[in-house]
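Biologist: I would like to learn how to read a few local features in a model. Please take them one at a time.

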Amino acid sequence: MKDEDSALALYSSILQEVAESKAEPKSVQQHYRRSFSGFAAKLTEEEANRLARHERVVAVFPNEKKQLHTTRSWDFIGFPLQAERATVESDVIIGVLDSGIWAESESFNDKGFGPPPSKWKGTCQSSKNFTCNNKIIGAKSYKADGFFTNEEPNSPLDINGHGTHTASTAAGNPVSPASMLGLAQGTARGGAIKARIAVYKVCWLDEGCSDADILAAFDDAIADGVDIISVSIGGFSGGNYFKHVISIGAFHAVRKGVLTVTSAGNSGPRYSSLSNFSPWSITVAASTIDRKFVTKVELGNNITYEGVSINTFDLKGELYPIIYGGDAPNKGFDSTISRFCFSDSLDKKLVEGKIVLCDGRSGAIGTFDAGAVGALLQGQSYRDLSPSLPLPGSYLDLQDGTSILDYINSTRIPTATIFKTDATKDTVAPIVASFSSRGPNIITPEVLKPDLVAPGVDIIASWSPVSPPSGVDGDNRTLSFNIISGTSMACPHVSGAAAYVKSFYPTWSPAAIRSALMTTARQLNPKNNLHAEFAYGAGQIDPSKALYPGLVYDAGEIDYVRFLCGQGYSSRSLQLVTGDSSSCTETSSARDLNYASFALFSPPSNSNIVSGSFNRTVTNVGSATCTYKAHVIGPEGLIIEANPNVLSFTSLNQKLSFVLTINGTINEAVASASLTWDDGKVQVRSPIVVFTTA
């Protein structure tokens, strides 16, 4: 307690030093003490600038709001319910930073679970509407401003649904039968079904997720004894790892042997759009699975069109009048606005009881609020995911939308009906989702991000029954399971896979687990995915193969410290963050960070000549005696060599080093290649990307 009091006194003293002379005394709103040092306070811009110059301070940044990045999927990636399980899987704890959890879901029933593992040091914030059990072993809510509402009180209870969905995807029990009102029937489950869950509620309805709360949750999760931290949250930050709260939290986590898994973000397919990118965490992109949801529309002339949506409503084939949104503007709007069916833009008298054709994919709320029977949306963007609507609807391509508009304009009494959604097979999956954020890493382009891709499109998982499934107020359907999309859904797939690997190898470092997942991932085709490795990293996870990676690229705190020193961070700034005597006596470049991928940036030139080398060390975790040979695949014009090209191991955990060199020319902005170490039984594959635009 004395240490806590002295830290609080120090923070208060620093605040008074930087406070404006006529200002009220400053107070610490929140401080972090269990796993790292820091505090949150209300400051003017000038006071914040003074604080940033203080000798005891490494970084000052505004308390921004981050956003949530919103089950066939496990089977699709080759990880069946009957997969080999470690007896100690129930000792693994996944900490989920999100919107809370609906503890009464069957996904979190603790039948068959014993007491929490002895390493668990956390607590449960119980209340009349929330209790923990032996599956959800801890839960706490965070809100630095202390303002709560009747709708969402101070409780880990999930009113949003997002946190329940991600937690059950990572570690939910098998639940069967599960479906969204009959759609996507089957068994819903997580990856590490026996793992425990610790809940850290940092995201709130209509308010997002504040930086101060995220840091407080990291601080507690690390000290509580979690093994994996799953963070399906993100937001853009500046070009400094220590001004990005999730990077800061993940850095302190990795120092304690805790792996952080993060979502890449939903700002794709734009280049350099990642929300999370630190080298000491895993960044996960989103991909499709071999199931898609299609919704048919039939016009009064008996012509049928097929779009995509999540439509559980049944019009029973009844035909309704259909009108174009551009022909029904509300007072104060014209057709240039009403055609998109934005909120309040439609004349209720003209659209009530009718199906409305809208331009774009944003008309669901406007049509719903105006009393429409259904909505037909049309557009070409994000056609790889099915929108969930609060009324019967389908998202059609532009060509079909144009044909329907022609029908409306040429028919005296145009009519249509919308059928319930059907599930069909997607034969081209997996493809990286169009919304999934792309690399390169905005701070360090030569650390390849994202690391991996996992299912994130139309994923069914547990849901909070008090949350509208479409996210639209007034949608009164009550669901135990919901289908949603986002890198938020991809992230917990990797969190569950990481927990699964951790259960077999409890002593493995976060880097070793990440390496195992990366080098055993299923390669995706760069021709089918915009921005290639910057879309999918090493490829799609394969948890079962990750148990037998053969070799791992390991790294620890000292490696990340040397990397940061090589990036220009000073010994002083490192010590202020780490709280120890870390110093920049040694540095390493991004190319020499012991990562399971290789990224070479070469600024564009007339000659297109590229050249670079990478130092790597691999650790033998396979057979005690084995010999691996290097196999390189790359485009014409590039000479890629590993030296030595044969690695002979004589014992387990033996480490051997090699240098990868790349020389030659490229004729495109991004060139894909790979290095695979092969002992005849195990293939240890690493992606190589050479690029000219950062």
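**Reading local features**

Modeller: Start with a loop residue: Lys 316 sits in the loop between strand E16 (304-308) and strand E17 (320-324). Keep in mind that this is a predicted model.

Biologist: Is Lys 316 buried or exposed?

Modeller: A residue counts as exposed when its relative accessible area is over 50%. Lys 316 has 71% relative accessibility, so it counts as exposed.

Biologist: What is the phi of Lys 316?

Modeller: Its phi is near 55 degrees, a positive value in a residue other than glycine. Ser 272 also is not a glycine and has a positive phi, of about 55 degrees. Ser 272 is placed in the loop between strand E13 (259-263) and strand E14 (282-287).

Biologist: Is Lys 143 buried or exposed?

Modeller: Buried means under 20% relative accessible area. Lys 143 counts as buried because its relative accessibility is 11%. This lysine belongs to the loop between strand E5 (136-141) and helix H4 (162-171).

Biologist: Which side chain does Lys 143 contact?

Modeller: The side chain of Lys 143 is joined to that of Asp 145 by a polar contact of 3.1 Å. For a polar contact, the pair of N or O atoms must be within 3.5 Å.

Biologist: Where is Pro 156?

Modeller: Pro 156 lies in the loop between E5 and H4. With a relative accessible area of 0%, Pro 156 is buried. Pro 156 and Thr 131 are 25 residues apart in sequence, and their C-alpha atoms are 9.2 Å apart in space.

Biologist: Which residues form the negative surface patch?

Modeller: A patch takes residues with over 30% relative accessible area and no salt bridge, with like charges joined within 9 Å. Here Glu 151, Asp 206, Asp 344, Asp 369 and Asp 473 form a negative surface patch.

Biologist: How does Asp 369 count by accessibility: buried, partly exposed or exposed?

Modeller: Asp 369 counts as partly exposed, because its relative accessibility is 41%. Asp 369 lies in helix H9 (residues 364-369).

Definitions and conventions
Residues numbered from 1 in each chain as written. Predicted model: local features only at pLDDT ≥ 70, side-chain atom pairs only at ≥ 80, totals over all residues. Heavy atoms only, no water. Patch = residues over 30% accessible without salt bridge, like charges linked within 9 Å, V, L, I, M, F, W, Y side chains within 5 Å. Areas by Shrake-Rupley, 256 points an atom, 1.4 Å probe, with all protein chains shown as cover. Salt bridge = Lys/Arg side-chain N within 4 Å of Asp/Glu carboxyl O. Lys, Arg positive; Asp, Glu negative; His and termini not counted. Charge placed at Lys NZ, Arg CZ, Asp CG, Glu CD. Helix = DSSP H or I, 4+ residues; strand = E, 2+ residues; numbered from the N terminus. Buried < 20%, exposed > 50% of the residue type's maximum accessible area, 1.4 Å probe, protein only. Polar contact = N/O pair within 3.5 Å; in protein donor to acceptor, adjacent residues only side chain to side chain.
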